[in-house]
Amino acid sequence: SDASSSTPSPSSTEVWGEEARIVDDYEGRSVVVDSLSRTVIEYGGYNRTKVRAYVSAHRTALQAFIAGGSGNSTDGNNRDALGQTPEQKVARIQRRREEAARITPKDFADIDAPDTGDEAGHYNEILERDYGDWGVYSQTGAQISAQEVQGVLLLSDVRGCFHADAQALADKVAFECQPVVVMAPDLFRGLPWEEDAESKKGPGHNARGENYEQWRSNHPDDRVNADIRAAAATLRRQYGVSSIAVFGTCYGGGRALEAAAGWTPSDVTNSADANADTNGSSNDSPPPVNPAACIAWYPTRYNAAELFGPDRLHIAKESDAKNDASSPNEPSLAVMAVFAGLDEIPGARSEDAESLKSLLDQDDRIKDRMVKVFPGQEHGFAHVGLGQPNDEGNDSDSFLDKEFGGDGVQPSLARDNGDAEVATLLSTAWMETYSRAFLPTTGVAVMNDADSRGWSEELEMPDLTEANNRDIRQELEEAVKSHKGVSPDLSRMPSYQYGNEVFESEG
């Protein structure tokens, strides 16, 4: 049912991502005015069959898509719709400003006189250059860097990308990390996992009578992996993003780690993928995701030892690639993982977090990593329920109540004592720090920062709820009582303002 008569054959030389198109939009469905564009697109995935994806982005981040795509995937040089790199764009703006500022002769007796009489070209050779804003490390360069559009590949849990929680997370990231384009591909081709309470086969079955493992067998790894890689190609080709951060939750968290590691299934049976190497050099297979950053929330169904560390798979091929002058030798991947302390699902347990952290520390591709376990939390704490409206019967926000003396009547603004919001803030900050391609963030990596090493090395997230027990009013009263006045030193004041004779005599 995925095939189409208009679908290119596996041997087609069509560029991955160029056939993507909008098939639905959410205009007018949201009561919140947030300037986000929410659409459903269709792109060519595994074996060139059609896949749908939910896309959320601020309207200013969609200029490349509106212009028909920039083709960034073809050369990897982060070019805009005019084919210019950010460095070339900065130089063009600065030189245009110089040309506008050139001095030309004027007949001062007639302000309307044309600029003539400079046959010797003296005035045309005069240059007004603002060295305070010249080159890429400048005000103009910073502005171009801030306007850079990054892509976020959001991989959902088994409930699929069209579940309210997945869409709410996509919208949240798109709103808080502007300008970005968040794309959540439908990894399950319209058949996500949903338990049917009325199933004739009893609990643990869906409406088709399948248990979870039977349902999972309908979504093979090779197809899911190819759909993810094709989604990344679509982000680069159609939306002109400068880099990609892969962000996954639960099942999608495991796929995010695989995409970050460049992993592909070893038992590929599809002819398109079978004829291509793992680096995606063939046009018949989507290229690798090659993300700049990876965020995995309580990941499942992955093999960390195969993905990271000294004994990872395909390390021989990676070594061969490093001998190629076109392949980077510098560590280029930043990985962040969030775990729940009470999680008992394999891959998402605390011991899995410790194992992943150790493997990341031994992987020469990793330039930074952060692995945190939130104690007392359960699987899905950071995003499950995100798409549900707050009911009036919910408990009030304890932080606002205790911190600022609330009366307990406002709706809840934070879930799980704020841990969900903390996980989100850490994750979006991680993406914004490591996804910028032009003028990237510099400095010491979190894992190497001596000032924060105790915090970054500690696996368990520190308890941030201590602030809930503070009595702000009492703290203010104590501060007022303990305040000690200090007599002003008038000798340090300017005499011409205050008539300070001491200052004048010493002057």
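In strand E7, isoleucine 295 is the bridge partner of phenylalanine 247. That pairing belongs to a set of five bridges joining E6 to strand E7 (residues 293–297), and the two strands run parallel. The model described here is a predicted one. Over in strand E4 (residues 150–155), another five bridges tie in E6, again in a parallel arrangement, with leucine 153 standing opposite valine 246 of E6.

Strand E6 itself (residues 244–249) is mostly covered, and six of its six residues count as buried. Side chains in a regular strand alternate between the two faces of the sheet. Here both faces are covered: Ile244, Val246 and Gly248 are buried on one side, and Ala245, Phe247 and Thr249 are buried on the other.

The buried residues of H3 are Pro86, Val90, Gln94 and Glu98. Looking down the axis of H3, these buried residues fall within an arc of 115°, so they line one face of the helix. Helix H4 (139–146) is among the elements covering the buried residues of H3.

Turning to the aromatics, the structure holds 11 aromatic pairs. One of them is formed by phenylalanine 188 and tyrosine 251, a tilted pair with 5.4 Å centre to centre and 45° between the planes. This pair links distant parts of the chain, 63 residues apart: phenylalanine 188 sits in the loop between strand E5 (180–185) and helix H6 (212–217), while tyrosine 251 belongs to helix H8 (residues 251–261). Both phenylalanine 188 and tyrosine 251 are buried. Tryptophan 193 and tyrosine 212 make an edge-to-face pair, at 5.4 Å centre to centre and 85° between the planes. Tryptophan 193 is in the loop between E5 and H6 and tyrosine 212 in helix H6, so this pair ties together parts 19 residues apart in sequence. Tryptophan 193 is buried, with a relative accessible area of 14%, whereas tyrosine 212, at 25% relative accessibility, counts as partly exposed.

Ring pairs link Phe188, Trp193, Tyr212, Trp215 and Tyr251 into a cluster.

Key: Residues numbered from 1 in each chain as written. Predicted model: local features only at pLDDT ≥ 70, side-chain atom pairs only at ≥ 80, totals over all residues. Heavy atoms only, no water. Buried < 20%, exposed > 50% of the residue type's maximum accessible area, 1.4 Å probe, protein only. Helix = DSSP H or I, 4+ residues; strand = E, 2+ residues; numbered from the N terminus. Arc of directions from axis to C-beta. Contact = heavy atoms within 4.5 Å. Pairing = 2+ DSSP bridges. Phe/Tyr/Trp six-rings, centres within 6.5 Å; stacked < 30°, edge-to-face > 60°.
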